[in-house]
Amino acid sequence: MDKALPPIWMIFVMPTYLPIVWLVDMLLVSAIVMLSLKAMKKEPINEYYKRCIIKVWIFTYIAQLIGAIAMSMSAVIDFLLPQGSTIKDFWFKYVTNFIAYNPLASLPAATFALIALIISGVLIYLFNYNFAFKKTELNHGARKRISLALTLFASPYIFLIPTVFLFGK
């Protein structure tokens with residue numbers, strides 16, 4: 001495998017891909033918000049949507065970005081560990097390498113990736129509930145349900161996708 005290829009989850013920070021990521025995020029969160037409002041029979045849907053969608057989009061991306069930064073912390077930790085130590089050898093072999101190319105192939109790397117995913121999910125919920133929907137006329141229950149839907153469907157599951165699936169071996 002060519003190690004020069006970036007991990008797939010790096011699309012959240014690579015300038016070349018940002019317009020695509022932003023567009024996909026906008027379409028995704030728009031669909032989630034509209035379907036959630038429709039399921040809860042909140043009318044007029046367009047009015048609620050207009051009041052919150054830009055904030056939802058921005059806060060969801062920020063949460064995903066924080067998760068991507070958490071994923072990249074595996075390399076920072078590897079750098080900070082003492083050279084030649086057993087823990088550094090373990091970390092490099094079972095976390096850093098696998099986080100970059102196939103996080104599900106190693107239990108420590110999978111755990112690390114799941115923690116980053118959970119961080120993003122929790123932040124998606126908190127940011128949207130506390131900030132994006134705050135100035136809408138949605139009640140607390142509706143804000144919670146839409147924020148939970150965003151958490152479930154807009155969390156960056158791409159953190160778990162092996163890069164080898166996209167680029168081959």
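Is Ser155 buried or exposed? To find out, open this predicted model and select Ser155, in the loop between α5 (140–154) and α6 (163–167). Ser155 is buried, because its relative accessible area is 9% and the cut-off for buried is under 20%.

Keep Ser155 selected and display its surroundings. Leaving aside residues up to four places away in sequence, Ser155 touches Leu117, Gly121, Ile124 and Leu150.

The tour now turns to packed helices. Two packed helices are described by the angle between their axes and the distance between the axes.

Select helix α2 (residues 45–80) together with helix α3 (residues 86–101). Their axes come within 9 Å and cross at roughly 155 degrees. That angle makes α2 roughly antiparallel to α3, and the crossing is left-handed. To view the contact, show Met71, Ser74, Ala75, Ile77, Asp78 and Phe79 on α2, then Lys88, Trp91, Phe92, Val95, Thr96 and Ile99 on α3. Coloured by class, these residues divide into 8 nonpolar, 2 polar and 2 charged.

α3 passes α4 in a right-handed crossing. On the α3 side, display Phe90, Trp91, Tyr94, Val95, Phe98 and Ile99; they meet Pro108, Ala109, Phe112 and Ala113 of α4. This contact has 10 nonpolar residues, with no polar and no charged ones.

Definitions and conventions:
Residues numbered from 1 in each chain as written. Predicted model: local features only at pLDDT ≥ 70, side-chain atom pairs only at ≥ 80, totals over all residues. Heavy atoms only, no water. Axes fitted to C-alpha atoms, helices over the stretch in contact; angles between N-to-C directions. Helix = DSSP H or I, 4+ residues; strand = E, 2+ residues; numbered from the N terminus. Parallel < 35°, antiparallel > 145°, perpendicular 65-115°, else oblique. Left-handed = near helix turned anticlockwise from the far one by under 90°. Contact = heavy atoms within 4.5 Å. Nonpolar A, V, L, I, M, F, W, Y, C, P; charged D, E, K, R; others polar. Buried < 20%, exposed > 50% of the residue type's maximum accessible area, 1.4 Å probe, protein only.
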